Amino acid sequence: MISFGPVPSRRLGKSLGINNIISPKTCSYGCVYCQVGKTMKKGIKREAFFKPEVIFEKVRQHLKQLNKENQPDYLTFVSNGEPTLDLNLGKSILLLKKLGFPVAVITNASLLFDESVREDLFKADWVSLKMDVADKDTWQKINHPAPGLDFKKHLENINLFSSLFKGLLCTETMIIKGINDSVENFSNLAELIKTFNPCKAYLAIPIRPPSVKTSISPGTEIMNLAWQIFFKNGIKTEFLTGFEGNETGFTGNIYEDILNITAVHPLREDSLTNLLKHDNADYEVVNSLIKQRLIQVTVYKGKKFYLREYHLQI
Ligand code: SF4
């Protein structure tokens, strides 16, 4: 499933998600809080996934099915893994821009050592870089980087990219209790982030089921502390700590809508109910998808979420 939504996004308004990574989940990181499950293929070598023309055509068709009010504000690469591992990302961005929408990429920034990745990202209008930590040991603990990645160089490449990127640049920091929630990490991270002056630094907590169940969010006291430290450093900072709404995009095909959205974004029960209502469907559809092992249900913080079920390909 290549495109899904649009899903409401605090950062991007209505965002039509694009998943340019073919299953199984392929990433250069294995973050303990990842909401698309465990990394099945970990590495830093770029490869070809979908052809850019295929992505363009799928998105074009998807946009055609949306009514005027549902037209997105952004086309956003938010993948089943790390979008910059796609060798054709730049070509896809250029093609998609022909549809008349700005393009955003949410990346973990670990491949910025590769000039072709930086060149591809320069073509986007909005880029969010993951920055959870300011030291190598915590980086290992929280992001589980692939072999071959070097923390010092990683920071240098973030600096290099941010000094040359002409679009809107944001950072996102996921805060996990007991791992990167210390004053020391917040202070060092703020020192790093302020040097490249992002338009916004987001502080997030896991609000959807993480890949490692013990990855839990810190209390409000800690979140406030992090915000105060960032603010004191002159960084425009916002929390990303709540559910971002319960609207979902409708293509009219309930099976596809559920599968597309749950492939990259756990679907909370109330959103799923809305989606079913809109398409005059009922939970029979959901039960059938569960029986076919296409989606699974999980409970997190007392709420039911539906996720795409992946099977290891050997
Ligand atoms: S959170 Fe992003 S970077 Fe981390 S493992 Fe998941 S997909 Fe990869």
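**View 1. Residues K25, C27, Y29, G30, C31, Y33, C34, T39, G81, N108 and K130 surround the ligand.** What classes make up the shell around the ligand? There are five nonpolar, four polar and two charged residues. Here Ala, Val, Leu, Ile, Met, Phe, Trp, Tyr, Cys and Pro count as nonpolar, Asp, Glu, Lys and Arg as charged, and the others, Gly among them, as polar. A note for all the views: this is a predicted model, in which local features need pLDDT of at least 70 and side-chain atom pairs count only at pLDDT 80 or more, while totals for chains, interfaces and linings use all residues. Residues are numbered from 1 along each chain as its sequence is written, and side-chain values use heavy atoms, with hydrogens and water left out.

**View 2. The chain is divided into domain 1 (3–240) and domain 2 (254–308).** Their contact (heavy atoms within 4.5 Å) takes 16 residues from domain 1 and 11 residues from domain 2. The domain bounds come from an automatic or database domain assignment. Between the C-alpha centres of the two domains there are 24 Å.

**View 3. About 1200 Å² is buried between domain 1 and domain 2, and carbon and sulfur atoms give 65% of that area.** Buried area is the accessible area (1.4 Å probe) that two parts lose on being put together, summed over both. Which residues of domain 1 lose the most area to domain 2? They are F4, R208 and P209, together 41% of what that side buries. Zero salt bridges are counted between domain 1 and domain 2. On the side of domain 1 that touches domain 2, seven residues are nonpolar, eight polar and one charged.

**View 4. D120 and R46 meet in a salt bridge through their side chains, 2.8 Å from N to O.** This pair links distant parts of the chain, 74 residues apart: D120 sits in helix α3 (residues 115–122), and R46 in the loop between β4 (41–42) and α1 (52–65). Helices (H or I, at least four residues) and strands (E, at least two) are DSSP runs, numbered from the N terminus. A salt bridge needs a side-chain nitrogen of Lys or Arg within 4 Å of a carboxyl oxygen of Asp or Glu, and this rule gives a count of nine.

**View 5. A cis peptide bond joins G5 and P6, with omega about 10°.** P6 is part of strand β1 (residues 3–9). Another cis peptide bond runs from S23 to P24, where omega is near 10°. P24 lies in the loop between β2 (13–18) and β3 (26–27).

Key: A residue is near a molecule or strand if one of its heavy atoms lies within 4 Å of it.
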